[in-house]
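This briefing covers a single protein model, its confidence, its overall make-up and one residue within it. Please view the sequence and the structure alongside the points.

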Amino acid sequence: MQPALAQDSDSEENLVLEEVIVTATFRETNLQSVPQSIMAFTSVDIQKANLQNLDDLVRALPSLGLVNSQPGRNELVYRGISSGTGEYYTETQTAVYIDDSSVSLISQQIFPQFVDAERLESLPGPQATRFGSASQTGTLRYITNKPNMAGVSSGIFAELGTTKGGDASYNVNGWINVPLADSFALRFVAYHKKDGGWIDNVPGETYRGPTESGPFFETSNAAIVEKNQNESKLTGGRISALWELSDNLTMSFAVITEDQNDDGTWNVDPSLDDFEIIRFYDEYRDDKWTNYAFTLDADLGFAAFKSVTSIFDRDIKYEWDNMAYEQYKDSYWGYYNGYVLYNSQYTFGTIFNDQNQKRFSQEFRWTSQSESKFQWLAGLYYEEVHDDWYYGASNEQMMDNMMWPYAQ
């Protein structure tokens with residue numbers, strides 16, 4: 001991205017080049033001086049282009065793609081290179097950072113709302129030397145605004161939108177910076193948004209048979225038929241503190257969290273009318289994550305030292321309708337020819353998941369500060385990841401099936 005054009009206050013026709021400072025090389029460098037391809041969006045760019053989330057950013061970056069089946073289930077793809085969609089245990093090919101904390105995930109990639117953001121940086125890969133093995137195809141960095149001692153400042157934003165044939169949506173957010181002393185400041189960010197649905201769950205019935213008495217319908221979804229059933233709500237915030245211990249030593253702490261609640265499904269059935277689906281279970285997906293980061297910056301003269309400690313915790317719960325598979329299973333295996341064991345009734349089932357992700361990382365980094373053309377970077381990095389799953393399929397009606405006693 002070329003440096004943004006800023007409007008001169010003296011004349012609307014006078015345009016000047018804005019200097020864009022990036023930290024992709026772990027040094028504050030003018031974007032025009034960095035000897036590699038970097039696309040950067042400043043806070044001004046974000047506001048002018050109304051970039052609010054990952055979907056908006058992908059549309060603004062030609063090298064970046066997004067595989068997204070519903071809110072919260074994201075896979076980032078740089079330049080079309082991917083290890084496959086829907087993966088869970090393989091490592092992602094795209095690294096994602098919030099400030100200096102790695103939050104890289106393969107198919108459930110998080111990315112905070114662009115509220116009070118200082119800058120977004122996109123680095124086509126590979127970037128493994130600086131950003132680890134997950135950055136084989138590229139790295140995406142989300143840089144937040146830090147607390148400052150300049151004075152109290154704040155901002156607020158509200159938006160209301162409509163969806164043709166669907167429900168209304170809204171978005172409200174705000175931030176405030178509060179210096180408590182000459183060397184200590186706090187910054188608070190909060191936001192809440194709702195995306196209205198546009199997909200209808202229409203009436204449907206499950207088919208049981210054939211039987212001796214002929215085919216008949218057994219289960220109806222009348223209780224959960226609903227227009228615009230796919231609704232998504234997101235609440236999040238950030239608290240950060242900055243303490244300037246001396247001219248050469250600074251400590252900062254930040255907590256950022258998001259809680260997303262999705263109701264319904266984002267799938268549609270092409271055999272029905274536009275934006276319609278038949279579901280027998282009221283699907284949901286709840287996703288809450290929090291990232292804690294403690295950073296220590298020290299000016300050693302010959303080098304800048306940085307210590308970054310990060311703790312990431314995430315809980316994901318969902319239960320989805322599995323009726324398409326249940327009906328396929330029963331229609332394929334079930335028939336009646338006088339032997340009860342081979343008869344199968346259509347039964348109702350769901351897919352469920354209760355998942356917890358935990359990550360701890362510690363990084364020490366030394367970056368040279370000389371004016372020489374020769375620059376160096378040294379560091380140590382440790383990461384520990386735990387991912388616990390309770391995943392499976394549930395079919396409570398299976399024990400009521402006429403074949404159940406014969407299967408024991």
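The points below are grouped by topic.

The model is predicted. Its protein chain has 408 residues, and the average pLDDT is 83.

**Confidence**
- A pLDDT of at least 70 is reached by 81% of the residues in the protein chain.
- Strand 14, residues 184–195, has the highest confidence in the protein chain, at a mean of 97.
- Confidence is lowest in strand 1, residues 5–7, where the mean is 36.
- Over residues 1–16, pLDDT stays under 50.
- For residues 1–16 the model has 27 contacts beyond four places in sequence.

**Overall make-up**
- Five helices and 24 strands are found in the protein chain.
- Of the contacts between residues at least 6 apart in sequence, 65% join residues at least 24 apart.

**Burial and surface**
- Buried residues account for 45% of the protein chain.
- The protein chain exposes about 21600 Å².

**Residue N322**
- N322 lies in the loop between strand 22 (303–321) and helix 4 (323–333).
- N322 counts as buried because its relative accessible area is 13%, and the cut-off for buried is under 20%.
- Leaving aside residues up to four places away in sequence, N322 touches G349, T350 and I351.

Terms used: Residues are numbered from 1 along each chain as its sequence is written. This is a predicted model: local features need pLDDT of at least 70, side-chain atom pairs count only at pLDDT 80 or more; totals for chains, interfaces and linings use all residues. Side-chain values use heavy atoms; hydrogens and water are left out. pLDDT is the predictor's confidence in each residue, from 0 to 100. Helices (H or I, at least four residues) and strands (E, at least two) are DSSP runs, numbered from the N terminus. Contact means heavy atoms within 4.5 Å. Buried means under 20% relative accessible area, exposed over 50%, partly exposed in between (1.4 Å probe, protein chains only). Accessible areas come from the Shrake-Rupley method with a 1.4 Å probe; for residues, only the protein chains shown count as cover.
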